[in-house]
Amino acid sequence: MANDVAIIGVGLHPFGRFPGVTGIDMGAVAIRRALADAGVEWRDVQFAFGGSYEVDNPDAVVALLGLTGIPFTDVYNGCATAASALTLAANTIRLGEYDLGVAVGMDKHLPGAFSADPRLYACPSWYGELGHFLTTKFFGMKINKYMHDHGISRETLARVAAKNYRNGARNPNAFRRKALSEEEILASPVLNWPLTQYMFCSPDEGAAAVVLCRADQAHRYTDTPIYLRATTVRTRRLGAFEVHSPWLPIEETPGPTVDASRAAFETAGIGPDDVDVIQLQDTDAGAEVIHLAENGFCADGEQEALVARGELEIDGRLPVNTDGGLTANGEPIGASGLRQVHEVVLQLRGQAGDRQVPGNPSVGYTQLYGAPGTAGVSILST
Amino acid sequence: MARVPVADALFTWPSDDPQLIGSRCTSCGIVTFPVQESCPRCAFTDMEEHLLPRRGRLWAWTTQSFPPPSPPYGGPTGDAFVPYGIGYVELPGEVKVESRLTEADPAVLRDGMEMELAIVPFRTDDEGNEVVTFAFAPVGGAASGGGA
């Protein structure tokens with residue numbers, strides 16, 4: 001019989017730009033805050049998983065926290081890195097190997113679009129030389145086709161971005177804390193049609209951590225444990241429309257987000273209608289629109305009306321990216337998914353302050369998506 | 001000045017009627033681009049070279065309005081950068097190929113429009129050769145530039 005898993009502490013190093021502060025430094029801050037939130041000490045931690053893109057060895061954080069000799073495993077899974085760290089940490093408890101551990105993500109990126117050697121992604125060199133090896137143009141193509149197929153307007157994209165900047169303005173940990181109007185968003189330079197500069201998130205810096213334990217021990221530490229009902233990670237199947245694909249087959253298949261979402265709902269034994277607060281991968285405003293449907297929260301095309309009616313706002317029926325999402329927080333890849341979990345935990349505890357979702361939300365949902373076709377989903381509840 | 005392809009074995013060259021070079025699984029028939037050694041569907045390693053049709057329909061597209069990070073991008077940057085269109089062209093019944101488009105105007109590009117393979121200049125190399133690459137152009141070309 002597998003153990004259930006509870007989150008008893010969350011901690012964040014703010015997201016943004018921090019000259020002179022290393023990724024490891026930020027990871028240590030996030031872990032210390034999560035430990036303090038849980039009321040436990042580093043010496044109580046039995047194992048850890050750490051995720052990062054830029055930091056080769058997240059486990060080096062033990063030099064700052066204490067050399068206790070615990071197993072500390074480093075993971076990298078593109079934009080779903082944090083989902084992998086969380087899933088592996090949760091499974092370690094589910095399988096009974098340890099009772100209490102930490103999942104942490106940290107990153108420190110240079111400004112500008114992500115870049116790499118395409119050959120490391122199983123793509124030929126010429127793919128990069130020709131300018132195809134770029135995530136932003138994939139997101140441009142995907143939402144452009146989606147808008148054509150399902151009747152979504154550019155105004156809807158601008159409204160989604162504006163909502164995320166507004167939410168970010170209420171979040172003291174966010175990178176971008178200034179509300180932007182829909183007009184400003186539409187008037188900013190087009191990067192990849194139909195997406196403008198202010199519709200995209202930026203790579204930045206930050207860290208996030210959670211402390212997890214066996215659910216039947218959670219009340220030793222907290223009166224408000226948040227239960228991790230499901231964590232799933234999936235990669236693309238043949239026929240999915242994915243980033244960094246020099247070709248696609250004629251046949252079409254749902255993407256890894258759809259697969260991860262369905263599996264998570266099945267594991268949790270609940271459905272999209274039960275979810276009260278949602279965090280989606282908004283690499284760009286279009287991704288949030290598409291992911292709303294891919295995760296089962298609406299039908300394709302329904303977003304146009306949902307957004308116009310304000311249903312994705314903090315006080316709407318489907319509050320999405322209540323902390324400003326990637327749009328306002330930027331994307332330190334290793335930390336991004338644990339930032340989502342941090343926000344959902346605060347919301348479910350009723351501790352989200354100015355951005356608290358009304359009505360005592362009891363079920364939360366997070367989703368990550370990224371290159372080269374990887375998605376992660378988690379479902380949490382009180 | 002020679003016109004040299006950006007990579008070997010991408011398209012038949014030199015040719016008056018160039019074609020993209022893909023591969024086909026001898027077991028399940030799936031077509032890939034470029035050539036690859038194993039089948040992504042059935043994992044067989046018996047792939048044969050397969051020349052792709054020159055015409056198809058635009059399946060998805062966007063514009064690239066800023067120079068991609070160099071490296072890996074090898075084209076002109078800075079003031080020499082010219083925004084380009086990029087998209088997937090569905091070659092009927094075979095494969096969707098991601099390609100640069102000769103048209104970059106959102107007012108002209110449309111999902112479903114008919115496209116044809118073109119070999120176009122990409123950059124000049126250190127020896128002064130014109131490096132060429134594959135692209136797809138709207139068929140007829142008359143629509144081109146209509147969105148000025």
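This is a predicted model: local features need pLDDT of at least 70, side-chain atom pairs count only at pLDDT 80 or more; totals for chains, interfaces and linings use all residues.
**View 1. Helix 8 of chain A lies on a sheet.**
The buried residues of helix 8 are Pro256(A), Thr257(A), Asp259(A), Ala260(A), Ser261(A), Ala264(A), Phe265(A) and Ala268(A). Their cover includes strands 8, 11 and 12 of chain A, together with helix 9 (285-294). Just past the helix, Gly269(A) has a positive phi of about 70°.

**View 2. Nine strands of chain A form an open sheet.**
The strand order is 3-2-4-7-1-8-12-11-10, and the pairing is mixed. Strand 3 (72-75) and strand 10 (277-279) of chain A are the edges, each pairing on one side only. Neighbouring strands are turned against each other by 20° on average, direction ignored. Strands 4 and 7 of chain A run antiparallel and are joined by nine bridges. Look for Val104(A): opposite this residue, in strand 7 of chain A, stands Ala209(A).

**View 3. Helix 1 of chain A is mostly covered.**
This helix holds 16 residues, 23-38. At 1.5 Å a residue they should span 22 Å; the end C-alpha atoms are 23 Å apart, which agrees. Of the 16 residues, 12 are buried. Among them are Gly23(A), Ile24(A), Met26(A), Gly27(A) and Asp37(A). What lies over the buried residues includes strand 1 (5-16), strand 2 (47-51), strand 4 (100-108) and strand 7 (205-214) of chain A. Helix 2 (62-65) of chain A is also part of this cover. Gly39(A) follows helix 1, with a positive phi near 75°.

**View 4. The largest nonpolar core has 156 residues.**
Which residues touch the most other members of this core? They are Ala30(A), Ala34(A), Ala103(A), Ala161(A), Ala209(A), Val210(A) and Leu212(A). Helix 1 of chain A gives the most to the core, with nine residues. Ala30(A) and Ala34(A) are also among the buried residues of that helix. Ala161(A) is in contact with Ile185(A), Tyr198(A), Met199(A), Ala285(A) and Thr327(A), leaving aside neighbours within four places in sequence.

**View 5. Helix 3 and helix 12 of chain A cross.**
The axes of helix 3 (residues 81-94) and helix 12 come within 6 Å and cross at roughly 65°. From helix 3, Thr81(A), Ala82(A), Ala83(A) and Leu86(A) take part. They meet Ile333(A), Gly334(A), Ala335(A), Ser336(A), Gly337(A), Leu338(A) and Val341(A) of helix 12. By class, this contact has seven nonpolar, four polar and no charged residues. Helix 12 spans residues 333-349 of chain A. Its first and last C-alpha atoms are 26 Å apart, close to the 24 Å expected at 1.5 Å a residue. Helix 12 is largely enclosed by the rest of the structure, because 16 of its 17 residues are buried. Gly350(A), just after this helix, takes a positive phi of about 80°.

**View 6. Chain A meets chain B.**
The contact takes 32 residues from chain A and 35 from chain B. Which elements give two or more residues to the side of chain A? They are helix 4 (125-129), helix 5 (135-150), strand 5 (190-192) and strand 9 (247-248). Helix 5 supplies the largest share, six residues. The side of chain A divides into 18 nonpolar, 10 polar and four charged residues. Strand 9 of chain A and strand 7 (residues 95-101) of chain B run antiparallel, joined by two bridges. Here Leu248(A) has Lys96(B) as its bridge partner.

**View 7. Three strands of chain B form an open sheet.**
The order is 3-2-4, with antiparallel pairing. Strand 3 (31-32) and strand 4 (47-51) of chain B are the edges, and each pairs on one side only. Five bridges join strand 2 (residues 21-25) to strand 4 of chain B. The bridge partner of Ser23(B) in strand 4 is Glu49(B).

Key
Residues are numbered from 1 along each chain as its sequence is written. Chains are lettered from A and ligands numbered from 1 in the order in which they are written. Helices (H or I, at least four residues) and strands (E, at least two) are DSSP runs, numbered from the N terminus. The expected span of a helix is 1.5 Å times one less than its number of residues. A residue is buried if 20 or more other C-beta atoms lie within 10 Å of its own, exposed if 12 or fewer, and partly exposed in between; C-beta atoms are placed from the backbone. Two residues are in contact if their C-beta atoms, placed from the backbone, lie within 7 Å. Ala, Val, Leu, Ile, Met, Phe, Trp, Tyr, Cys and Pro count as nonpolar, Asp, Glu, Lys and Arg as charged, and the others, Gly among them, as polar. Two strands pair if DSSP finds at least two bridges between them. Axes are lines fitted to C-alpha atoms, for helices over the stretch in contact, and angles run from 0 to 180 degrees between N-to-C directions. A nonpolar core is a set of buried Ala, Val, Leu, Ile, Met, Phe, Trp, Tyr and Cys residues joined through C-beta atoms within 7 Å.
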